[in-house]
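Open the structure in your viewer and keep the selection tool handy.

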Amino acid sequence: MTPSLTRCVSLSPLLVSGLAAAQPCAPTWTPLAPAGCAGQIEAMLQFDDGSGSALYVAGEFISVDGVDASNIARWDGESWSQVGDGLGGEVRTLAIFDAGDGPRLFAAGDFDLVRGAQSLAVWDGQGWNSVPGSPFSWIATIAASDISGVNELYVSSPITNYITRWDGNTWRPVGDGLVSVVWDMEEFDAGSGPALYAGGFLSALVAFDGDQWSEIGGDFSVNGTILSLQTFDEGSGEALYVAGEFTRVPDFLTALRIARWDGVSWSPVGDGFDASVTSLAVFDDGSGPALYAAGAFTHSGATPVSHIARWNGAAWEPVLAGLDAPATTLGVFTSPHSRTSLIVGGGFTLAGGAPAPSITAIASCACPADLAPPSGSLDFSDVVAFLTAFASSGPAADLAPPQGVFDFSDVVAFLVAFAAGCP
């Protein structure tokens, strides 16, 4: 969406005088639910249902921080709340999909009937509803993609050739289907156009180009389950990072639980890990975007990395002394004040040695309003840089969800960040 600059945006003397003096900022763990989660967290996603942007947390639990919540809960940056009547069983995965009536939050997994919904449900802002014609007993994962030229929701379930898709009206097959369930899907352009990549209990990484599936990277398969896919550019071009339980990839290349596919060849990512990787995410803690991994691992080579690690471009390094038990999922949340955090969910009780039951966060030290040199100070040049980026729909001005939409919420987010100053 191209933004309109018909409104005149001015900064009051109060905002300008409210700039905070630059002070050192050190990322730290911040528990989000001091009373913990009564159960298991498996998925997280930021979404605005019309009542404000929030982090939706799903899994198999009965409460979060003392708030009754049947397998799904909502965090608005300040407090937890129920999401309707919840869902009657395990929720494994969340996705945002527009079936023609605006973006909606979809949840999938292995849950009982709720308003006629079985294992796949859509949140309309007031309650959970069924998805017409969904034939599922249980679902491994879902993802929205327009790879076929039509925006569709892709669903991996064992009773539909392991993969099917829905355009908001009709269910249809995805090529010739697959031979087993998929645990994650991610769009990636290897150089010949974008494709939807999928990994799971399959014997290899596969990709769908909108017409048919193909095996990626050679005919010798990964030797274990793929659990997470994430695109990331560490400086030499975007690549697809593939993680899970495997110890090698095609051509017998050793790659301990994580590997990089650049569209031409496989490569290991440092020393990998000594146990499974369950989730990947890209997060900027203030030192630049980096790839984070979470899982059951405790070491990368000889380096201790307790269940969460950060890739520095050469090796995996520990994150704030780590966690005391496995992490299951990672998410990124931008608060109403434009501060972005890495959210970590799992079975841990301590983060960095401090109490943080089940879910915790690291707030970024990045300054979203610091768009022009000199770095670390805010002045009128940052205002000009923001307005220039806003007028051209530049990513620097995309400060408020939903991402890719440039509107007055981005202006408000900039003003709030500008008034707060740089840490």
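Select Phe-408 to begin: this residue is found in helix α3. This is a predicted model, in which local features need pLDDT of at least 70 and side-chain atom pairs count only at pLDDT 80 or more, while totals for chains, interfaces and linings use all residues. Residues are numbered from 1 along each chain as its sequence is written, and side-chain values use heavy atoms, with hydrogens and water left out.

Phe-408 is partly exposed, at a relative accessible area of 42%; buried means under 20%, exposed over 50% and partly exposed in between, with a 1.4 Å probe and protein chains only.

Now extend the selection to residues 408-420, the 13 residues of α3. Helices here are DSSP runs of H or I with at least four residues, and strands are E runs of at least two, numbered from the N terminus. Which residues of α3 are buried? They are Asp-410, Val-411, Ala-413, Phe-414, Leu-415, Ala-417 and Phe-418. Step just past α3 to find Gly-421, with a positive phi of about 75°.

Next, jump to strand β26, residues 289-295. Six of its seven residues are buried, so β26 is largely enclosed by the rest of the structure.

Look for Ala-281 opposite Tyr-292 in β26. In the hairpin, four residues lie between the strands, and Gly-286 takes a positive phi near 115°.

Finally, show β29 (residues 308-311), antiparallel to β26 and joined to it by four bridges. Here Leu-291 stands opposite Trp-311 in β29.

How values were computed. Expected span 1.5 Å × (residues − 1). Pairing = 2+ DSSP bridges.
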